[in-house]
Amino acid sequence: MTYEMYTLYDSCSQSYNNPFYFLNDNIAKRAAIDLLKRGETEISNHPEDFTMFKIGQYDPQTAEITIYDTKIPLIRMHELAANLPAEEPQTVEQPQLKEA
């Protein structure tokens, strides 16, 4: 089984973060959504600065890394953030007091 290899590009620092690995693009997208929903992170505060790229594959059986000739832009974080549904505030119902 091989893993897809990804990195986040930060346009503000003009650098790529350390690579990370997921089984497929769908799981990478789910992780990106989780980062945006987490709140108070660099990515959730400045999604316009970040793009996720797919850069290669990693095979844990052989420790071989294959780097793609071209970085594949997968997720522009500000576009993903704009399409996330707004979270509804949670309300807690107060118990009714019985009159004595």
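Start by selecting Y16, which is partly exposed, with a relative accessible area of 40%. The model is predicted.

**The tyrosine pairs**

Next, select Y21 and Y58. Here the ring centres are 5.5 Å apart and the planes are again at 50°, so this pair is also tilted. Y21 belongs to strand β3 (residues 20-22) and Y58 to strand β4, so the pair ties together parts that are 37 residues apart in sequence. Y21 has a relative accessible area of 36%, which makes it partly exposed. Y58 falls in the partly exposed class too, at 24% relative accessibility.

**The ring cluster**

Select Y6, F20 and F22 together. Ring pairs link these three residues into a cluster. The structure as a whole holds six aromatic pairs.

**The salt bridges**

Move to K54. The structure holds two salt bridges. K54 forms one with E4, where the closest N and O atoms are 3.8 Å apart. This pair links distant parts of the chain, with K54 in strand β4 and E4 in strand β1, 50 residues apart. Are K54 and E4 buried or exposed? Both residues are buried.

Now show D25. Its side chain meets that of K54 in a salt bridge of 3.1 Å, N to O. D25 sits in helix α1 and K54 in strand β4, 29 residues apart, so this pair too links distant parts of the chain. D25 is partly exposed, with a relative accessible area of 26%. K54 has 14% relative accessibility; because the limit for buried is under 20%, K54 counts as buried. Through shared partners, the salt bridges join E4, D25 and K54 into one network.

**The nonpolar core**

Finish inside the largest nonpolar core, which has 13 residues. Which of them touch the most other members? Select A32, I43, M52, I75 and M77. The elements that give two or more residues to this core are β1 (3-10), α1 (25-38), β4 (50-59) and α3 (77-82). Of the elements, α1 gives the most, with four residues.

Centre the view on A32. Leaving aside residues up to four places away in sequence, A32 touches M52, I75, M77 and L80. In soluble globular proteins, nonpolar side chains tend to be buried together.

Technical notes. Residues numbered from 1 in each chain as written. Predicted model: local features only at pLDDT ≥ 70, side-chain atom pairs only at ≥ 80, totals over all residues. Heavy atoms only, no water. Core = buried A, V, L, I, M, F, W, Y, C linked by side-chain atoms within 4.5 Å. Buried < 20%, exposed > 50% of the residue type's maximum accessible area, 1.4 Å probe, protein only. Contact = heavy atoms within 4.5 Å. Phe/Tyr/Trp six-rings, centres within 6.5 Å; stacked < 30°, edge-to-face > 60°. Salt bridge = Lys/Arg side-chain N within 4 Å of Asp/Glu carboxyl O.
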